[in-house]
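Please open the model in a viewer and keep the selection tool at hand.

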Amino acid sequence: MPSSSELMRAVRYDAFGAQPYVTEVPVPRAEPGGVVIRVGATGVCRSDWHGWQGHDDDIRTLPHTPGHEFAGTVHEVGEDVTRVAVGDRVVVPFVCGCGTCEVCRAGLAHVCPSQWQPGFSGPGSFAELVAVPWADANVVPLPEQIGLDVAAGLGCRFATAYRAVADVGRVVDGETVAVLGCGGVGLAAVMVAASLGATVVAVDVSAEALALARTVGAAHVVDASAGDSADQVRALFPAGVQVAVDALGSIATAAAGARSLAVRGRHVQVGLLPPAVVGDRATVPMHTVIGRELQVLGSHGMPAIDYPRMLEDVASGRLRPELFLGRTITLDEAPEALVAMGGPTPPGVTIVRP
């Protein structure tokens with residue numbers, strides 16, 4: 001039995017869909033090439049809920065500790081780590097690449113075939129400490145201007161939106177963009193698209209979320225509960241929009257995004273669609289894709305190598321993810337917050353401070 005000094009508090013669940021709880025678990029140790037990070041702040045994300053429900057094949061060992069978007073301070077450094085040191089304030093992408101394969105060498109560590117994801121491939125950040133492998137390829141130092149609460153969301157939802165809009169969707173000044181779903185990723189997508197000079201229409205069923213979308217850059221909002229959202233977008237832009245971002249992840253939003261597009265428009269799929277829900281049905285109307293020569297693009301996080309560009313935009317004030325901060329809770333409150341992600345939640349990022 002480990003001594004109390006070798007234990008830490010963490011959230012765990014024993015089976016998919018079972019009630020999460022807080023307990024004591026062994027403190028992780030830094031492996032060669034890896035680090036252990038003391039979690040300063042971690043966000044509660046719908047992807048954690050998908051994992052808890054058993055929608056992610058990467059979770060293979062139970063009991064399991066969730067949590068994948070976090071920031072903190074380096075607590076322990078393993079052998080051969082050269083780019084970070086104990087005491088450094090850092091953020092970590094939610095997909096960690098091995099750093100050595102052909103994909104990683106091409107700058108695409110977020111789709112590394114050997115990728116490791118905190119809170120999925122191994123224990124996550126709903127804990128006092130979390131171990132991260134391949135630190136030199138994945139752990140990113142934070143500028144002094146960025147606090148840990150803000151940085152927590154940069155590891156997943158904000159970085160995901162940033163790359164989806166700027167790099168995958170290739171949004172440029174003067175284009176029109178529809179963002180479907182104004183949760184964490186969607187609101188960040190609105191902000192990033194607006195910062196690039198796009199005219200943005202935000203789509204959601206929540207009046208609160210749409211109000212927040214306006215404050216972060218949406219020129220127009222569409223209440224999806226008031227009628228067909230694609231028809232409402234086309235009422236604003238009869239020829240369709242150049243880019244549609246499905247930031248929610250549902251059969252309805254994926255289809256509406258494609259139907260909102262102009263000829264040769266780009267549909268960017270960011271929101272996850274659980275295989276158990278999708279089954280064998282196409283989630284994007286392929287006859288529309290063919291008839292309008294649309295591009296259907298998947299986007300999955302952002303590699304650590306691209307983080308400095310985003311962090312510079314945040315540190316300079318060009319992007320203001322602090323506007324998305326919602327409530328702050330304790331680790332003891334995290335289990336119920338995770339369960340609640342299966343239904344409507346207040347806009348803004350819920351931050352856990354372990």
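On a 1 Å grid over the protein atoms alone, a pocket is an open set of points with protein on both sides within 12 Å along at least five of seven lines, whereas a cavity is a set of points where a 1.4 Å probe fits but cannot get out; lining residues have an atom within 4 Å of a point. Grid points are joined across faces, edges and corners, and a volume is the space filled by probe spheres set on the points.

The model is predicted: local features need pLDDT of at least 70 and side-chain atom pairs count only at pLDDT 80 or more, while totals for chains, interfaces and linings use all residues. Residues are numbered from 1 along each chain as its sequence is written, and side-chain values use heavy atoms, with hydrogens and water left out.

**First stop: the second largest pocket**

Strand 1 (7–12), strand 2 (21–26) and strand 6 (129–132) each supply at least two lining residues; strands (E, at least two residues) and helices (H or I, at least four) are DSSP runs, numbered from the N terminus. The lining comprises 14 nonpolar, 6 polar and 3 charged residues. Here Ala, Val, Leu, Ile, Met, Phe, Trp, Tyr, Cys and Pro count as nonpolar, Asp, Glu, Lys and Arg as charged, and the others, Gly among them, as polar.

**Second stop: the cavities**

The whole structure holds 2 cavities of 30 Å³ or more. For the largest, with about 80 Å³ of space, select Val150, Gly153, Pro321, Phe324 and Val349, which lie nearest its centre among 13 lining residues. Helix 4 (148–154) gives the most to this lining, with 4 residues. The lining of the largest cavity divides into 9 nonpolar, 2 polar and 2 charged residues.

The second largest cavity, of about 30 Å³, has a lining that includes Phe94, His110, Cys156, Ala159 and Tyr307. Its lining contains 7 nonpolar and 4 polar residues, and no charged ones.

Now select helix 5 (157–168), one of the elements that supply at least two residues to the lining of the largest cavity. Helix 5 is largely enclosed by the rest of the structure, because 10 of its 12 residues are buried; buried means under 20% relative accessible area, exposed over 50%, and partly exposed in between (1.4 Å probe, protein chains only). Just after helix 5, Arg170 takes a positive phi of about 55 degrees.

Which aromatic rings form a tilted pair? Rings of Phe, Tyr and Trp (its six-membered ring) pair if their centres lie within 6.5 Å; planes under 30 degrees apart count as stacked, over 60 as edge-to-face and the rest as tilted. The search finds 1 aromatic pair. The rings of Phe158 and Phe324 have their centres 6.3 Å apart and their planes at 45 degrees, so the pair is tilted. This pair links positions 166 residues apart: Phe158 in helix 5, and Phe324 in the loop between helix 12 (307–316) and strand 14 (325–330). Phe158 is buried at 2% relative accessibility, and Phe324 is buried at 5%.

**Last stop: the cysteines**

Select Cys98 and Cys101. The structure has 0 disulfides, a disulfide being a pair of cysteine sulfur atoms within 2.5 Å. The sulfur of Cys98 is 3.7 Å from the closest cysteine sulfur, in Cys101, which is too far for a bond. Cys182 is likewise in no disulfide, with the nearest cysteine sulfur, that of Cys45, 15 Å away. Cys98 counts as buried at 14% relative accessibility, and Cys182 counts as buried at 4%.
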